[in-house]
Amino acid sequence: MKKDDILDLKIDSLSPEGGGLAKYDDKTVFVRDALPGEEVKAKVLSIHKNTIDTKSVDIIKANPARVYGSDEKWANDGYARLANLKYDQQLKFKEDRIKKLLNKYGFKEVKVNKILPSPLTKGYRNEIVLPVREVKGQLEVGFFEPRTGRFIPLNKSIITNEAVVTAVYAVRDILRKLKVPAYDPNTNSGFIRDIDVRRSQGKKGMIVTLITHENDRVDLPEIVGLITEKLHNVNGVVLNYNPHKTDEIFGKSNIPLWGNDYVEDELDGIQFKISPKSYFQANGSQLKPITDLALSLLDLKDTDKLIDAFCGVGTVGLLAAKKVAAVRGIDAERVSIQDARENADTNKIDNATYYNGSVEQVLSRFAKNDEKGTVIMATPPAKGLSHGFVDAAAKMHPRRIVYGSTNPDTMVRDLACFKKKGYTCTEITPIDTAPQTPEVKCFGVLVPED
């Protein structure tokens, strides 16, 4: 077998990252745009020790749930890996994925509630960050193909709000017109690295963040002037300076260039300021369902002291503040904590305090100083929780821990760590925040075993 060979395959299942899985000569074959039960002819793209990467060139027998037309392209190129599958089957795949992981780790007793679908299945994202590269002598925005890391120019996004997409491509065209050099990671040179556009769900404001390798440029005023001239719904332009050769998107410094350096949003009467780099739910149609679910699972009492770990701009903690005695939020991102503190002040919430630093270290300090939280909300990034976090949380003996995750693999791994510390997961509720992709958010409830 060699590159470009054509294989006859029967697809057994969906990969957790989307795309079909099959077997060939004792190797696992990944077929980018295939679905379970399908029979396909697939072209070999690359061969590895235990795996083969392929792309179907002919579907002999199709899955009845296959979606045809332009959506197949999105699944094939990897930008929206499940766009070729009907939405009800996407939801089933995500729910089943969590159940299989729980069984794998011996959590057969954990109840998995029915997944909560997204009200919007396309055009739902209020923020998009796209890398910028030069392709065939022209500046392009795009994404990095899963598995290969190849940069693919993108001229449309089926999952992003139309106004946000329009703004991204308008900025791209302005940069092309002024011949602004794209970043080259090989030489760590060039000016524009990424373009980030964030839209307010409720108040409709929008900010453009230019993530750059240099902190200034002679035609920067002209760039800003053209952005504000072309995009009347933009009320702020920000430069984020990242000079380092790194996979991290954002640098430490945000430099306001024009207008606001934040967007504002509102939820259940609470006003939120959200800066570049600060986390806020991108799927605006799921923002209220997520927070309602989190608050319901926390089951708060007026005597509770809530610790909101990985708190972002303070979304859950500030909504919970009126229900509890005190809130302490922790986040490693300095800008997020600044936003959370301002949001507490703006909303005249005086029982919420926010701490910037390593979440694990701050929580460990709380545990050491006997500053216990009776309830803990933990919403870590995809890499999950550290052993130090689990240790510190368990030492506080909270009556309840709610774990919100965007990565079921690391979540179930962490549930096993909590079990060793005397905390058992009673239920998990999945919620779909990323239709057309394999991503799924889920919330698990942990309680003491004794």
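**Note on a helix pair and a strand group**

1. Helix α8 passes helix α9 in a left-handed crossing (the near helix is turned anticlockwise from the far one by less than a right angle). Helices here are DSSP runs of H or I with at least four residues, strands are runs of E with at least two, and both are numbered from the N terminus. This is a predicted model, in which local features need pLDDT of at least 70, side-chain atom pairs count only at pLDDT 80 or more, and totals for chains, interfaces and linings use all residues. Residues are numbered from 1 along each chain as its sequence is written, and side-chain values use heavy atoms, with hydrogens and water left out.

2. α8 covers residues 359–368 and α9 residues 387–395; they pack at about 25 degrees, with axes 9 Å apart. α8 is therefore roughly parallel to α9 (an angle under 35 degrees).

3. On α8, the contact (heavy atoms within 4.5 Å) is made by V359, E360, L363, S364 and A367, and on α9 by G388, F389, A392, A393 and K395. Of these residues, six are nonpolar, two polar and two charged.

4. Strand β9 (residues 138–144) has five of its seven residues buried (under 20% relative accessible area, with a 1.4 Å probe and protein chains only).

5. β9 pairs with β8 (residues 127–135) in the antiparallel sense over four bridges; strands pair if DSSP finds at least two bridges between them. L139 in β9 is the bridge partner of E134. Two residues separate the strands of this hairpin, and K136 in the turn has a positive phi of about 55 degrees.

6. β9 also runs antiparallel to β10 (residues 151–153), joined by three bridges. F151 in β10 stands opposite F144. This hairpin has six residues between its strands, with R147 in the turn at a positive phi of about 80 degrees.

Technical notes. Axes are lines fitted to C-alpha atoms, for helices over the stretch in contact, and angles run from 0 to 180 degrees between N-to-C directions. Angles under 35 degrees count as roughly parallel, over 145 as roughly antiparallel, 65 to 115 as roughly perpendicular and the rest as oblique. Ala, Val, Leu, Ile, Met, Phe, Trp, Tyr, Cys and Pro count as nonpolar, Asp, Glu, Lys and Arg as charged, and the others, Gly among them, as polar. Buried means under 20% relative accessible area, exposed over 50%, partly exposed in between (1.4 Å probe, protein chains only).
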